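Subject: Structure for you to look at

Hi,

Have a look at it first, then read on.

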Amino acid sequence: MRSAPSVHAAALAAALVATGCATHPTTDPHEALGATASDGAVDESDATSSADEPTPDAAEPTEAGATTAADADAGLALFDDFESAAVGGPPNPALWTVESPDCSGTGTLAIDDSEAHSGHHSVRVDGGGGYCDHVFFSNASAITGLGQDGGQVYARFFVRLGAALGQGHVTFLAMQDDNDGDDDVRMGGQDAILMYNRESDDATLPTLSPTGVGDSVVIPAATWTCIEFHVDQSAGTIDTWVNGAEVPGLVENGTAVADISTQWLSKTWRPSLATFQLGWESYAGETMTLWFDDVALAAFRVGCGPSTAAALPLAGQLDGG
Ligand code: CA
């Protein structure tokens, strides 16, 4: 058995469909972009990874009409392009559970065909402004399996925000950390930039100083944006890429960097990630409609596919930033 104990038949089928789509002529760059969870991985990784990133041997490009075995070799622990799920319904229940932890309110999510990064479907989330108005779609088996496989968690997903992130703190990705009192490691926004937050002690990455904020990026509204991260659970480190480019404010390599990772490293952090949850949770009243597509988890960097999206400027390089 390869490193993907949690590959479901549905995920494999989705990956197969996606791989096939990648070989079809298309005039829709979105379709081409999202259809290559594994195919685009090698080029993207080789182009941008630093030397200490593992070489994704398992993600060698597959030929047109790749076999099931070839997709298994791709080793994705989780992949969903949401094409097989019905519009208006939940994402594939074999992969995802729709959750509003602790309490529920106005937050809703469903498969949508008004926006898509690949094909025609994505997951639309309508998140409310109160904490209990949160909603997530969650997979536990894939990230737990990666943890058992050496602790290397790589994620890649595309997100489209209906509006720019505001000043308040929000979360669109939460991962339960079994080594931190089951509290979440969160990715989302504060001070209008992309950031991480640790629920247990409210530490942020970057530190939200002007310099720290300036070393992250502003996710543009109404634009499909590729977000990737790597958490080395054994080392307790984080690396993050947006549209294929590493974001310096979202890197924590174990050595405290002023204005970036000093707060995160104020305690020993060796996560054991047990859930992967995409959705919306808001702590200061900010509502959002957002979409997710082409979600992948693996033990190696997946990449964004043959994306032509330009790297985003750091927030500190923006006018008035
Ligand atoms: Ca899709």
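A quick definition to start: two strands count as paired if DSSP finds at least two bridges between them. Strands β12 and β13 (residues 245-246) pair in the antiparallel sense over 2 bridges.

Mean pLDDT for the chain is 82, with 75% of the residues at 70 or more. Where pLDDT is low, the predicted coordinates should not be read in detail.

Overall picture

The chain has 321 residues, and 52% of them are buried. Its secondary structure comes to 6 helices and 15 strands. Of the contacts with a separation of 6 or more, 71% are between residues 24 or more positions apart.

The open sheet

Seven strands make up an open sheet, in the order β2-β5-β14-β7-β8-β9-β10, with antiparallel pairing. At the edges sit β2 and β10 (203-205), each pairing on one side only. On average, neighbouring strands here are turned by 25 degrees against each other, ignoring direction.

Where does β5 (residues 135-139) stand in terms of burial? All told, 5 of its 5 residues are buried, so the strand is largely enclosed by the rest of the structure. Both of its faces are covered: V135, F137 and N139 are buried on one side, F136 and S138 on the other.

- With β2 (residues 97-99), β5 pairs in the antiparallel sense over 3 bridges. Here F137 is the bridge partner of V98, and T97 stands opposite S138.
- With β14 (residues 276-282), β5 pairs over 5 bridges, again in the antiparallel sense. On this side, S138 has Q277 as its bridge partner.

Which strands does it pair with? One is β11 (residues 225-232), which runs antiparallel to β12 and is joined to it by 6 bridges. In that pair H230 stands opposite D239. The two strands form a hairpin with 4 residues between them, and G236 in the turn has a positive phi of about 70 degrees.

The other is β13, the pairing I opened with. There W241 stands opposite E246. This hairpin has 2 residues between the strands, and N243 takes a positive phi near 50 degrees.

The core

Which residues touch the most other members of the largest nonpolar core? They are L78, V217, L297 and A298, in a core of 75 residues. Strand β15 (residues 288-298) supplies the largest share of this core, 8 residues. Leaving aside neighbours within four places in sequence, A298 is in contact with G75, L76, A77 and Y154.

That's what I have so far.

Cheers

Methods: Residues numbered from 1 in each chain as written. Predicted model: local features only at pLDDT ≥ 70, side-chain atom pairs only at ≥ 80, totals over all residues. pLDDT = per-residue confidence, 0-100. Core = buried A, V, L, I, M, F, W, Y, C linked by C-beta atoms within 7 Å. Buried ≥ 20, exposed ≤ 12 C-beta atoms within 10 Å, placed from the backbone. Contact = placed C-beta atoms within 7 Å. Axes fitted to C-alpha atoms, helices over the stretch in contact; angles between N-to-C directions.
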